[in-house]
Amino acid sequence: MQPTQFTPGNGERAPLVQVSLVHKSFGNQAVLKGIDLEVGQGETLSVLGRSGTGKSVLLKLIIGLHKPDSGSIRVEGEEITRLSAKALNEVRKKIGFLFQQAALYDSLTVEENLAFPLRRHSKISEEQRKERVRELLAQVGMERDAHKLPGEISGGMQKRAGLARALALEPDILLFDEPTSGLDPITAEEICNLMLQLQKERHITSIVVTHDMHGARAVSDRIALMKDGQVLMQGTFDDLRKSQNPFVKQFLNGSEE
Amino acid sequence: MEPLTILCSIAALAHLTAERGLLPFQKLQLQKIQRSFVSFFEWFGNVGIFFGRLVWATITPPYEGKEFLRQFDELGAKSLPLVALAGAATGVVITLSTRDSLVRFGAKSFLPAVAIFSIIKESGPVITGLVISGRVAAGIGAELGAMKVTEQIDAMEASAVNTYKYLAATRVVACVLILPLLTLVTDFCGVLTGWLTHTLTDPISLRLFLDHGFKGMAFKDFLPPTFKTMVFGLIIGVVACFQGMRTSGGTEGVERAATSSVVLASLLIILADVLLVRLILTFFS
C-alpha cells in the first residue's frame, strides 16, 4: 500500500520538521527504509508501529544523536545531517526530548536535573534559575520532590521530571519516546493531560512515539503508522479507522481480523 | 620479528587456510580467529579515534573547570586511603624480602638504600597505577556504562552538551594529574613502613635510615619514575571512558564495561611500564 499523501495541517502550517527518504541501518539490519514525514508548526504527530520498527531511532535521528545513512532531515528549515557539532548543538537547544526511561541524571537531585540545561545554556542569574526550576516543578506537580534523587521517585514521577527538564529551555519542538509506557492508566492519563496542557498553553510542536493508541488519539492532530521501516499510512485517527488495510485494522483493534 | 608482522602473518595464514578444503568446524574456528584478530585492531583504531576527539575536546574552550575539580576530588582525594595502605604494605614486603637476601650476602647495611630505591623507582609508581586502575577504571567504566545504557549520555547530548568534554575529558585530565600526587603518597608510606619494619628488628633512627637510603639518589632517580605515572593515568582514563561510553546490553553490558576497563587498563599499564623503564634508563641514566 502506498503511504497516504498528506499536506501538513491542510497547508495552513509550515513544516517545522521534515524527514525525507531517510535510510538507517545498524550493521546488516536495515531499520529505516526511506521514511518520509512532515510535522507542521504547533502540530502533534504520533508515530505508531510495532516494536523494532525504528520509531525511537527516528526521534534520535531528528535530534542528531544518530546520523542517517541517506536522506534529509530538516528542523526549522535547517538540514541537520550536514551541520557541524557546534551548529547541531544550537538546533538541539530548540528541541526538548523526553526519553523512554526519562534518563534523569541519577547522581543529581530532581531540582539539579532541571537546573542542568539552564546552568549550561542560559545566562540567567542563580535566583532566576531557582525561580524557573520552581515554575517547572509546579507545572508537573512535583514541588515536594525537588530534593529527591531519581532513584527515590516512581516511574511516573521520573517521566514528569523528565518532561519538566525537556521544557527547561522553552523548546519549539518536543520529542516524546514512549511517554506513557510502563505507567498505570491514571499516571499515563496525567502525562497525556500535561502534553495537552503544553499544546494549549504554548502551541508546541510535538512528535510522540508510542504504542498507546488511546493516548495517541487523545494528544495527536495526526497519526503516522510505521511498518517495516516505512510509513505505511498517516492521517487523522478517523482516516486510520476508515482504512481497509489489514495491518492498520489489526493495529487499531489489537487483534487479527 | 616485529609483533605486528607476526600477527599479520597469522592472519594471512588463517585466511589462506580457510579457503582450502577444511572441515566445517575447522572453518568455524578459523573464522573465529579472524574475527578476534579484526576486532583486536578495530579496538585500537576506535580508541585512537576516541583519543583524538578527547584531545580536541580538552584543548578547546569552553573548559569544564567545575566538573574537573569534582572529578579530581572524586578520583583523587577518595583514593588516598587506598594508596596509603598499598604503599605501607609494599614498604613492609620490600623491606622484609630485601633484608633476607641482603643478610645472606652480608650486605645488610645497604637495606635502607635498596628499599628506598626500589620503592621510589619502581614499586611505588607501579603499585599506585595498578591500585588506581582497580578503583578508578572500574568506577569510571561502570558509571559511564550505566549512564550509556540508561540513555543519560544521549540525554546529555540531546541537551546540547559535549559529552567528550563534560564526561570524558574531565575524568582523563583528573586521572593524569592525580597519579603523580598519589604516587608521592605511596612512596612516603612505603618508606615510612620500610623504616618501621627495619627498626623492629635492627633499631635505627628514621634520620639515619633516610640518610642511608637517599645517599646517592638524585632528582633524575626520583622525578622520571614519579612523572611516568601520568602515562598510567592517561591509560586508566582513556580506556575506562572509552569502554564506558560504548557500553551496550543493559546490566550485563555495564558489568562487562567495568571488568574490561580494569583488565585492559592494568594490562596496558604493565606493558607501558616496560617501555617507560627502558626510555627512562636511556635518557636519564
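Helices (DSSP runs of H or I, at least four residues) and strands (DSSP runs of E, at least two) are numbered from the N terminus. The views below show a predicted model, in which local features need pLDDT of at least 70 and side-chain atom pairs count only at pLDDT 80 or more, while totals for chains, interfaces and linings use all residues. Residues are numbered from 1 along each chain as its sequence is written, chains are lettered from A in the order in which they are written, and side-chain values use heavy atoms, with hydrogens and water left out.

**View 1. Chain B as a whole, with eleven helices and zero strands.** The C-alpha trace of chain B spans about 70 × 55 × 35 Å along its principal axes. Of the 285 residues in chain B, 45% are buried, where buried means under 20% relative accessible area, exposed over 50% and partly exposed in between, with a 1.4 Å probe and protein chains only. Among the contacts in chain B with a separation of 6 or more, 83% are between residues 24 or more positions apart, a contact being heavy atoms within 4.5 Å.

**View 2. A cis peptide bond in a loop of chain B.** The bond from B:P61 to B:P62 is cis, with omega near 0 degrees, and B:P62 is found in the loop between helix 2 and helix 3 (65-76). Most residues other than glycine have a negative phi, and most peptide bonds are trans.

**View 3. Two residues with a positive phi, A:L21 and B:A160.** A:L21 is not a glycine, yet its phi is positive at about 45 degrees; this residue lies in strand 1 (residues 15-26) of chain A and is exposed, with a relative accessible area of 52%. B:A160, also not a glycine, has a positive phi of about 65 degrees and is found in the loop between helix 6 (152-158) and helix 7 (163-201) of chain B. At 7% relative accessibility, B:A160 counts as buried.

**View 4. The buried face of helix 4 (residues 126-139) in chain A.** In this helix, A:R129, A:R132, A:V133, A:L136 and A:L137 are buried. The buried residues of helix 4 pack against helix 3 (110-121) and helix 5 (155-167) of chain A.

**View 5. Salt bridges in chain A and chain B.** A salt bridge is a side-chain nitrogen of Lys or Arg within 4 Å of a carboxyl oxygen of Asp or Glu, and the structure holds 25 of them over all chains. The side chains of A:E131 and A:R134 meet in one, at 3.1 Å from N to O, and both residues lie in helix 4 of chain A, three residues apart, about one turn of the helix. In chain B, the closest N and O atoms of the salt bridge between B:D202 and B:R99 are 2.7 Å apart. This pair links distant parts of the chain, with B:D202 in the loop between helix 7 and helix 8 (206-214) and B:R99 in helix 4 (residues 80-104), 103 residues apart. B:D202 also meets B:K108 in a salt bridge (3.4 Å, N to O).

Technical notes
Expected span 1.5 Å × (residues − 1). Arc of directions from axis to C-beta.
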